[in-house]
Amino acid sequence: AVSPGGHLTMRHCAIVDSKASLWGGAIDVERGGLILDSCLLRGNETDPAFGRGGGAVSLYTGEDCLFTNCTFSGNTQNSPTGFGGGALYAEAYAPADGLAVTLAHCTFAENIDAAAGGSSVLANVFGTTVSIGNCVVADGAGGNLGVRGSASLVSSGGNVSDDLTRSVLTQGGVPQAVFLFDAPGDQTAIDPLLGSLSHSVGAFATYPISAASPAVDAATSPSPAADGRGVLRADGAPDSGAFERGATSIVVINEIHWDPAAGDSQFIEIYNLRSSEPADLSGYSLWVDGSPRHDFPAGTLIQPGFGLVVADDTALVDSQGTDEQTSNAGLQLMEISEIEIRDGAGSTVDRVTYNGSFANANYNTNFANHSLTLAPQFMGRAYLPSGGVTDDPLGGFDPTGTDPETSPGADG
């Protein structure tokens, strides 16, 4: 739950099979803020007897909330007497102050609302505005979207829905039928031709789209530089929803060395997955805590299964033959920092936040001067001291591990 005054940001996370009695099977926000980026919410639900709203997420707040590249799959608002919102319920805490919710490049499928208020999204109460752009809503039973109590659901275009997105609003005491997806590029009453929820590349499962899907090349500007898996949208014609068809280039920030010993150097290792295509980072840039720290020159190409190390002093880093570049402005990594890879247009391709402080009262551990490495390696989203990260396929962590303190170019 997000309590009053709290703010929660989650990136590349999965919340599955969670249950709540009343509000928000996965996340209940009351007078706080929420940002979800490239997350999977699957199989979450509210109670059949007492559930009120939001099989996955309930918002009761005046703080802005943002969902980008998220997949909502098989969430259920189980109570027939609830307000509704099989996946998402949104209500302004103070109607006079309003609530702004933005959904961009999200995919909704197989969600259920027993109250028939809206299987994907229900916006309720005056002052609530939900803006939806470049999304796929395809729960398969009609009634994907719902609007009540003088709330607003506004399309910013590029959406695909398997129903008409028809809703009935009362204006001047007279019920009026409206179509919620009516902006340029919107497509309604059309099958988006989603495949089954499955894993291809990246950390989480998504709904792939077929070559004949109306979602292909259907998104309107702007679009994130990567899809919900972290795969680059590089063809100039992005698809609607959280999945980019035909794209396989995916780079990850694999290793971070913020605490080098004397005679060593700070570095960041970027890795291109073996299942990927060659990744051209020409014109891209590396940012730390909101400031540019390195510009990748023309010709920066990372082949599948290889990496690139950016260091303050490459002479002090043993990268095992991996390509190296010297940072333009010094990395200035701190104990807690945010790192971004941005494309030439300034859009974020990958963003991670790490915490370099580790302690465990059950073990006599000393992780000073250890780099932080993805666990599981290359595929995970947890950054843990390099000496304790175990090899694939389990990719776990052993606090008594004795692996090297850093391993640029040597993970596997």
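**Strand pairing and a buried threonine**

Leu-36 has Phe-67 in strand 9 as its bridge partner. This pairing comes from a predicted model.

**Parallel pairing at strand 9**
- Strand 5, residues 33-37, runs parallel to strand 9, residues 65-68, and four bridges link the two.
- Strand 9 is also joined by four bridges to strand 13, which covers residues 99-104, again in the parallel sense.
- Leu-66 has Thr-102 in strand 13 as its bridge partner.

- Four strands form an open sheet in the order 28-27-32-33, with antiparallel pairing.
- Strand 28 (291-295) and strand 33 (348-355) are the edge strands; each has a single partner strand, so one side of each has no neighbour in the sheet.
- On average, neighbouring strands of this sheet are turned by 20° against each other, direction ignored.
- Within the sheet, strand 27 (residues 285-288) and strand 32 (residues 336-342) are paired antiparallel over four bridges.
- Ser-285 sits opposite Arg-342 of strand 32.

**Thr-46**
- Thr-46 belongs to strand 7, which spans residues 45-46.
- The relative accessible area of Thr-46 is 1%, so this residue counts as buried, the limit being under 20%.
- Leaving aside residues up to four places away in sequence, Thr-46 touches Ala-20, Leu-22, Trp-23, Gly-24 and Gly-25, among others.
- Its contacts also include Gly-51, Gly-53, Gly-54 and Gly-55, as well as Thr-76, Gln-77 and Asn-78.

Notes
Residues are numbered from 1 along each chain as its sequence is written. This is a predicted model: local features need pLDDT of at least 70, side-chain atom pairs count only at pLDDT 80 or more; totals for chains, interfaces and linings use all residues. Side-chain values use heavy atoms; hydrogens and water are left out. Buried means under 20% relative accessible area, exposed over 50%, partly exposed in between (1.4 Å probe, protein chains only). Contact means heavy atoms within 4.5 Å. Two strands pair if DSSP finds at least two bridges between them. Axes are lines fitted to C-alpha atoms, for helices over the stretch in contact, and angles run from 0 to 180 degrees between N-to-C directions.
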